[in-house]
Amino acid sequence: MRKILVTGARGQVGWELLRTLAPLGEVVGVDMADLDLCDAEAVRAYVRALQPAIIVNPAAYTAVDKAEAEPDLALQVNAIAPGILAAEAKRLGAWLVHYSTDYVFDGTKPGPYDEDDLPNPQSVYGKTKLAGEIAVRESGCKHLILRTSWVYGARGHNFMLTMLRLGQEREELRVVADQIGAPTWCRNLAEATAQLLTQLHSPLLDPAHAASLSGLYHLTDGGETSWFGFAAEIIRQGLPERAVKMIPIDTGQYPLAAPRPANSRLSNQKLQQHFGLSSPAWQTALACCLADRAR
């Protein structure tokens with residue numbers, strides 16, 4: 001069986017990948033406790049010993065505001081480590097799947113961003129994630145760079161879980177209403193990844209054509225909303241018994257260390273054209289996540 005290396009295996013995306021990728025081969029999951037991505041030599045040695053056919057890298061420094069004070073650490077995890085993984089993938093002839101973010105854009109475009117739009121990150125997090133994209137691309141390895149947005153799930157720390165907790169504790173919630181994007185369930189992201197890799201490794205697909213599909217793609221759940229709209233739907237679906245007063249606010253009323261893009265909408269059209277994949281509406285995905293969490 002082909003070996004599949006998954007980094008960040010205890011994170012919300014990594015945990016889902018361990019399950020969705022299992023039919024494709026022998027999945028080996030590692031986290032920081034197993035493999036320190038800041039140790040370049042350890043990363044190289046581990047990959048060379050394992051010799052995976054596929055490397056999937058959801059590991060990232062995602063503390064957006066904290067990154068403003070820890071730029072070197074964010075750069076190490078978000079850019080240098082992916083570059084090392086990409087170089088080792090090139091050496092092995094392996095595929096690399098790497099995840100990126102809407103934060104590579106400044107959010108000033110009036111419509112959804114596509115893959116040809118020029119990035120202009122405004123935060124340390126966004127800048128380091130863009131540097132990771134560049135490192136993967138310049139390595140020359142076969143790769144899928146999947147930009148996504150507003151990822152949440154039933155595990156870990158994320159906006160949905162925070163809203164559910166606060167909705168239980170408070171009578172009113174004040175949430176930013178002037179930032180627009182697409183909430184994306186981590187399970188949908190993982191399942192789409194498995195579908196993409198299944199297609200690329202199909203015996204019916206010419207290897208040269210598979211290699212031609214290497215590149216950058218946007219992948220989010222369908223539709224769009226604001227953080228306020230997302231929060232209101234979380235409360236409506238997840239805490240129907242609670243009468244929580246929802247108050248929309250502007251970004252300026254909730255200052256944070258790192259700037260956020262006002263427009264985080266990403267077009268999934270390229271992914272649909274090349275792989276035929278379509279995403280469920282974010283409201284439907286939220287309902288599925290909440291149902292799964294209640295089991």
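The side chains of R10 and D34 form a salt bridge, with nitrogen and oxygen 3.4 Å apart; the term denotes a side-chain nitrogen of Lys or Arg within 4 Å of a carboxyl oxygen of Asp or Glu. R10 belongs to the loop between β1 (3-6) and α1 (12-20), and D34 to the loop between β2 (26-29) and α2 (40-50), so the pair links parts of the chain that are 24 residues apart. Here helices (H or I, at least four residues) and strands (E, at least two) are DSSP runs, numbered from the N terminus. R10 is exposed at 53% relative accessibility, whereas D34 is partly exposed at 44%. Buried means under 20% relative accessible area, exposed over 50%, and partly exposed in between (1.4 Å probe, protein chains only).

The model is a predicted one, in which local features need pLDDT of at least 70 and side-chain atom pairs count only at pLDDT 80 or more, while totals for chains, interfaces and linings use all residues. Residues are numbered from 1 along each chain as its sequence is written, and side-chain values use heavy atoms, with hydrogens and water left out.

The whole structure contains 16 salt bridges. One of them joins R48 to E88, with the closest N and O atoms 2.8 Å apart. This pair connects helix α2, which holds R48, with helix α3 (residues 71-92), which holds E88, across 40 residues. R48 is partly exposed, at 38%, but E88 is buried, at 4%. Another salt bridge brings together R242 and E171 (3.6 Å, N to O). R242 lies in the loop between α8 and β12 (245-249) and E171 in the loop between α5 and β7 (172-176), 71 residues apart. Salt bridges that share partners also join E16, R19, R187, E191, D292 and R295 into one network.

Aromatic rings provide a further set of contacts. There are 9 aromatic pairs, a pair being two rings of Phe, Tyr or Trp (its six-membered ring) with centres within 6.5 Å; planes under 30 degrees apart count as stacked, over 60 as edge-to-face and the rest as tilted. The rings of F159 and W227 have centres 4.7 Å apart and planes at 55°, so this pair is tilted. Because F159 lies in helix α5 (residues 159-169) and W227 in helix α8 (residues 227-238), the pair ties together parts 68 residues apart in sequence. W227 is buried, at 15%. Both residues belong to one aromatic cluster, formed by W150, Y152, F159, W227, F230 and W282.
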